[in-house]
Amino acid sequence: MRINWLQVTPELEYGRMNIGSRPSKRKPSGGIESLRAIPWIFAWTQTRFHLPVWLGFGAAFKHVIDKDKKNLQNFQDMYNQWPFFRVTMDLIEMVFAKGDPGIAALYDKLLVSQDLWSFGQKLRTNYEETRNLILQATGHKDLLEGDPYLKQRLRLRHAYITTLNVCQAYTLKRIRDPDYHCKVRPHLSKDTPSKPAAELVNLNPKSEYAPGLEDTLILTMKGIAAGMQNTG
C-alpha cells in the first residue's frame, strides 16, 4: 500500500517543492506514519481518487445491509430525517462526483510498477461498489441529485481538470523516468511563439528537474486544486 501510494500520487514531488505552508512530513526521513494530514489528502485529491475519504464506507454499508435487508430502508429514512447523516452522505457524494477512476487508472499505468496494477484495479472496483452503495443508501439515482447547481459546475469544469490531470501524470512520468519521451507532439503553427530552453531554465534555476517540468507540475497542482475546490 505504501509503495503504491508513493508511486501513484505526486506526494514525493509535492514534498520537495515549496508550495505548502508546512513541510509535508514531521520527520523528513520518516515514512507514512510521519506524514501530515494535508499532503496525504492533497495527494489523493490530485489523482481524482480521494482514497482516504471513501475507503471503508462501502465495507461498512455492505456489512449492515447484508445483515438485514431492511437496513437499506433504515439508511434512506436516516438520510431523509437526520440532518447529521444527510450532511455526511452529501459530502461523500460530492467527493465521488469530483472523482474519476479512469484518471486514477492513468496514473497507475504511467507511474506504478506493473506487478501492482492488480492492486490498483481492486481499489477501483471497491470505489465503484462504494459509489453504488452510497446511492442506494441515499435513495438517489445519480450523484449530486440534490444539488443540481454544483453538479452543473463540476460538469463545466470537468474537461479542464481532466486535461490538467493528463498533463500532470505525463509530467510526473518524465520527472521520474528521464529516459521517457512522449512520442506524440501537438502540432504547432509557425505563428505560435516559443521560448528558448534558456528562458525556461531561468524561470527556476535551482530546480532539480529538467527545464520546465517543475513549473508545469506546480501549475497542474494549482489548477487541479482550484478545479476540485478541495486541497486537503
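Colleague: In H8, which residues are buried?

Modeller: This is a predicted model. Helix H8 spans residues 101-111 and is mostly covered, with eight of its 11 residues buried. Buried here means under 20% relative accessible area. The residues of H8 that are buried are Pro101, Ile103, Ala104, Leu106, Tyr107, Asp108, Leu110 and Leu111.

Colleague: Which residue caps the N-terminal end of H8?

Modeller: The cap involves a side-chain oxygen that lies 2.9 Å from the backbone nitrogen of glycine 102. That oxygen, at the N-terminal end of H8, belongs to aspartate 100.

Colleague: Is glutamine 168 buried or exposed?

Modeller: Glutamine 168 lies in helix H10, which covers residues 148-176. A residue is called buried under 20% relative accessible area. Because its relative accessibility is 0%, glutamine 168 counts as buried.

Colleague: With which side chain does the side chain of glutamine 168 make a polar contact at 2.7 Å?

Modeller: Leaving aside neighbours within four places in sequence, glutamine 168 is in contact with Pro10, Gln46, Tyr107, Leu217, Thr220, Met221 and Ile224. Tyr107 is also among the buried residues of H8. The side chain of glutamine 168 makes a polar contact with that of threonine 220 at 3.3 Å. The polar contact at 2.7 Å is with the side chain of glutamine 46.

Colleague: How are H5 and H6 oriented to each other?

Modeller: Two packed helices are described by the angle between their axes and the distance between the axes. For helix H5 (residues 57-67) and helix H6 (residues 70-81), the axes come within 6 Å and cross at roughly 125°. Angles of 65 to 115 degrees count as roughly perpendicular and those over 145 as roughly antiparallel. The crossing of roughly 125° therefore makes H5 and H6 oblique to each other.

Colleague: By class, how many nonpolar, polar and charged residues has the contact of H5 with H6?

Modeller: On the H5 side, the contact is made by Phe61, Val64 and Ile65, and on the H6 side by Asn71, Leu72 and Phe75. By class, these comprise five nonpolar residues, one polar residue and no charged residues.

Colleague: What is the phi of arginine 48, and is the residue buried or exposed?

Modeller: Arginine 48 is found in the loop between helix H3 (37-46) and helix H4 (51-54). With 2% relative accessibility, arginine 48 counts as buried. Its phi is positive in a residue other than glycine, with a value near 65°.

Colleague: What is the relative accessibility of histidine 50?

Modeller: Histidine 50 lies in the loop between H3 and H4. Although histidine 50 is not a glycine, its phi is positive, about 55°. Histidine 50 counts as buried because its relative accessibility is 6%.

Colleague: How far apart in space are aspartate 147 and aspartate 90, C-alpha to C-alpha?

Modeller: Aspartate 147 lies in the loop between helix H9 (117-138) and H10. At 32% relative accessibility, aspartate 147 counts as partly exposed. Aspartate 147 and aspartate 90 are 57 residues apart in sequence, and their C-alpha to C-alpha distance is 9.0 Å.

Colleague: Among contacts in the chain between residues at least 6 apart in sequence, what percentage join residues at least 24 apart?

Modeller: The secondary structure of the chain consists of 12 helices and zero strands. Of its 232 residues, 39% count as buried. The chain exposes about 14100 Å², of which carbon and sulfur atoms supply 57%. For contacts between residues at least 6 apart in sequence, the share joining residues at least 24 apart is 74%.

Definitions and conventions. Residues are numbered from 1 along each chain as its sequence is written. This is a predicted model: local features need pLDDT of at least 70, side-chain atom pairs count only at pLDDT 80 or more; totals for chains, interfaces and linings use all residues. Side-chain values use heavy atoms; hydrogens and water are left out. Helices (H or I, at least four residues) and strands (E, at least two) are DSSP runs, numbered from the N terminus. Buried means under 20% relative accessible area, exposed over 50%, partly exposed in between (1.4 Å probe, protein chains only). Contact means heavy atoms within 4.5 Å. Accessible areas come from the Shrake-Rupley method with a 1.4 Å probe; for residues, only the protein chains shown count as cover. Axes are lines fitted to C-alpha atoms, for helices over the stretch in contact, and angles run from 0 to 180 degrees between N-to-C directions. Angles under 35 degrees count as roughly parallel, over 145 as roughly antiparallel, 65 to 115 as roughly perpendicular and the rest as oblique. Ala, Val, Leu, Ile, Met, Phe, Trp, Tyr, Cys and Pro count as nonpolar, Asp, Glu, Lys and Arg as charged, and the others, Gly among them, as polar. A polar contact is a pair of N or O atoms within 3.5 Å; within protein, one must be able to donate a hydrogen and the other to accept it, and residues adjacent in sequence count only if both atoms are side-chain atoms.
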